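Here are some notes to read beside the structure. Please follow the points in order, with the chains in view.

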Amino acid sequence: MTRLNWHSLEGDGAPEALSTRRAARLVEALGWLAPWWLRPEVLRRAAQLQPAYEDYTRRPRLPVRPGGCWALLARGREVPVLRPAFVLPLAWEPGINDDPHLPGPLGELAAAVRRQLPDEGGRAWGLRLARPARERPIDLSGLDDDLLGAGSAWASLAGGLLLARDGLAPSDRVWASAAWDENYGVGRVDRLGAKLDLAAEWGAEQVFVPAQNQPEASAWRDSHGDRPAVRLLAPVNGRPVPARVLEPYLDELGVEPGPEASFEACVRYHARVSRRRANDFAWRRLQGEVVERCRALLPRDCRPTHLVTVVGHEPAVVALAPAALRARRVLLFYKAPPEPAISRALEAVRECLSAQGIDCTAAGLTGDCVADQEREMGQVVADFLGDVPAGQSAFDLTPGWKSLTLALQAAAPAGAWLLYCQHRQREPDTRVIPGSQRYDCWRKG
Amino acid sequence: MNDPGPYIRDALLATRAGLTDPALLVDLWLDRFLDLLAACTSLPDEAPAPEAAYELIGLFGRLTRCRPALIDATGRGPAWDEAAVAMQGRLAAWLPQALRVPNPDGWLAEAGDLADACDDAGPEEELAGWAEQLLTDLDDAELVAWAARREGAPDAALEEGLARCDAWLRLNLDRFFPAGVFVQGLGQTIRPDLPGLDLGLAATADKVVVLLDALEDSQERMGPVRLPVAILTESWEGFPEPSLALAAATPVAEGLFSRRWRSPSGALEARLVAGPDRPGTDRVRVVFAAGDELPASLVGQPVWLAGQEAVIDADGAADFPRQALLAARAAGEPLALRVGEQRQPWRAVRDE
């Protein structure tokens, strides 16, 4: 295998002046990297001689399976046949060593990323060139860093590794170019304009760059528009933690698991993305499984038909008990007039429960203190339950403001079931771990 | 009969079967050397980059070590003679740059990785490429160290590091067996009278001798159980299957299939490249070349690929119906190339 060397590519002039034979030789020299690195004009010239190279004139696929990542690099020196900025497709794989054919500086960066992000499970991860199966290997170990700027691939490599460990796939619409800085977490990168040009050409929707590059990013946006959206990774003071620094990037980078994904994989995705996205995902994708797990843990004699609760901001929390109990009717209290977020949650809960055949009634409370609210609730609850025996009713004290849940507990008739959902939380933002919920159920004395 | 010397072992299977290709190796080295030297001397006031100086000096040593007949066979003997003189005049100036590159500790670490991969029974083709690369790396470093000694400026730290690499290699010879064909081809490039000409340069070929010894031992003990990776070059493995998917917009993840052949003289080359089977791609093309040039002598000549006939057109290309090739494969035809009225077989070569 020949070691690729910049010198072998530097001798040619403008792509338009290349003979088709020379263009084909350049494509042969770069092999599977040709569509990533060579200018389109060179590829088109080569395809005039060898039609199979037409395939290389189309945008190749980024490695979007778990472990995939791509270094967005730019050359510091003009080489007419090469793109000013280019992508090197890579993949983290468990239980292997780094590919010996990686550019040396990128191999060093991979080792640094591994040191920064030690695997809690003790698995070893190696970085490979993401070479298509039919293509021959290419040795890039001779490429020097002056022309690569490999440090700017830090965010891509770290993001790829973090997702890989969770079995999550990256989105090909989300790119990054950011170096690591010991003091501030992210360090500026060079030749950002060329990189953004490439990202725009290849359909990226968001590119994460260090905040230190904000002037170049703004200048680029002013002249090129807002696609892709350039998003800044903020530097931090003190001791930066890579995973924290990359949070906004990871939030966008990880692709939501497909319908075939296991519950555990979904939970890992839930933990990786922002709280807002996680809540939305839990509601759409995890609620059904969470309901079944909670139902399996309910006491055998706790089978109420009527349930009363308070609407909080998270519809998943409100809808969980009625669905787990398979209640027939639900009464939902809220503080009137409802905040917009409460209105949205109420609507979502009604829609969800109605779809399960559960009849929902909502009641606004106007009282400002617990005693007033308890009085209001008492009357509405009495009407709601009618002649339903107390043991057939349940009061879920989990969601909503504490004053309302205190009032709710007081308004529950003796003998009714009281419920409270216990759960485990994930550091550092105390989000609930899906599947960890279970209900404490007891009778009001 | 001339003594083939310690570097050629006719008893070894790949050597006996003619699977090795020393002429091609020398041709490639010389190509690279001349290109690189021209690039590095085009800017007279600038020292070449360390990597370029390192590669150049390594190639210079390797070509100096070659059998002269192989260099003559490339048809570029005079160019080599001239370039070798030019190189000797620059050795002293470029050596400091080159000596910045070798990293014996890095080599040892990677060799350890190779050993692990062998233990894990990694893919043979990958192990072969890896072992070959490691041997080439070690050879480059030893040749640069030789050049430094020759210029009266030996690098003690490098010498010490290389001694450790050499010791590792001698203890782990079997790790390099996947590159057995390459080792045999490399040995065949070395002039048999080398020790008498330059003992220091001959020392750089010692590793080839010990590896050839070990390969012979292994073959004697175990029999020729495995044929080398080079054989794959005539196989159909990876040739695109017929596909009903009309994935015209995006290239498939598997990439392009390619095979390469060399003419018996080594001067001409043919390359087949085939993409996925899609509408509008019912033919696959073999392109013939003499370096970057059109091989005018081949235009109009008949050519057979897997027994299917075509004619080389004015662009130096021959097109074959994909369906006919698939049928030939199904009939058990090897993916062999024959050129000219005499149906001269061209040699399949591994992609470099």
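1. In chain B of this predicted model, 73% of the contacts between residues at least 6 apart in sequence join residues at least 24 apart. Chain B holds 13 helices and nine strands.

2. Chain B has 352 residues, and 51% of them count as buried.

3. Where do the two chains meet? The size of an interface is often given as the accessible area lost when the parts come together. For chain B and chain A, the buried area is about 3500 Å², and carbon and sulfur atoms give 46% of it. In this interface, 34 residues of chain A are in contact with 49 residues of chain B.

4. Three salt bridges are found across the interface of chain B and chain A. One of them pairs A:R22 with B:D292, whose closest N and O atoms are 3.4 Å apart. Between the two chains, eight residue pairs are in polar contact. On the side of chain B that touches chain A, the elements giving two or more residues include helix 2, helix 3, strand 2 and strand 3 of chain B. Helix 7 of chain B gives the largest share of that side, six residues.

5. In chain A, look at strand 1 (residues 68–74): seven of its seven residues are buried. A:G68, A:W70, A:L72 and A:A74 point one way, while A:C69, A:A71 and A:L73 point the other way.

6. Strand 1 of chain A runs antiparallel to strand 2 (residues 85–94) of chain A, and seven bridges join them. Within strand 2 of chain A, A:A91 is the bridge partner of A:G68.

Note on methods:
Residues numbered from 1 in each chain as written. Chains lettered and ligands numbered in written order. Predicted model: local features only at pLDDT ≥ 70, side-chain atom pairs only at ≥ 80, totals over all residues. Heavy atoms only, no water. Helix = DSSP H or I, 4+ residues; strand = E, 2+ residues; numbered from the N terminus. Buried < 20%, exposed > 50% of the residue type's maximum accessible area, 1.4 Å probe, protein only. Contact = heavy atoms within 4.5 Å. Pairing = 2+ DSSP bridges. Buried area = accessible area lost by both parts, 1.4 Å probe. Salt bridge = Lys/Arg side-chain N within 4 Å of Asp/Glu carboxyl O. Polar contact = N/O pair within 3.5 Å; in protein donor to acceptor, adjacent residues only side chain to side chain.
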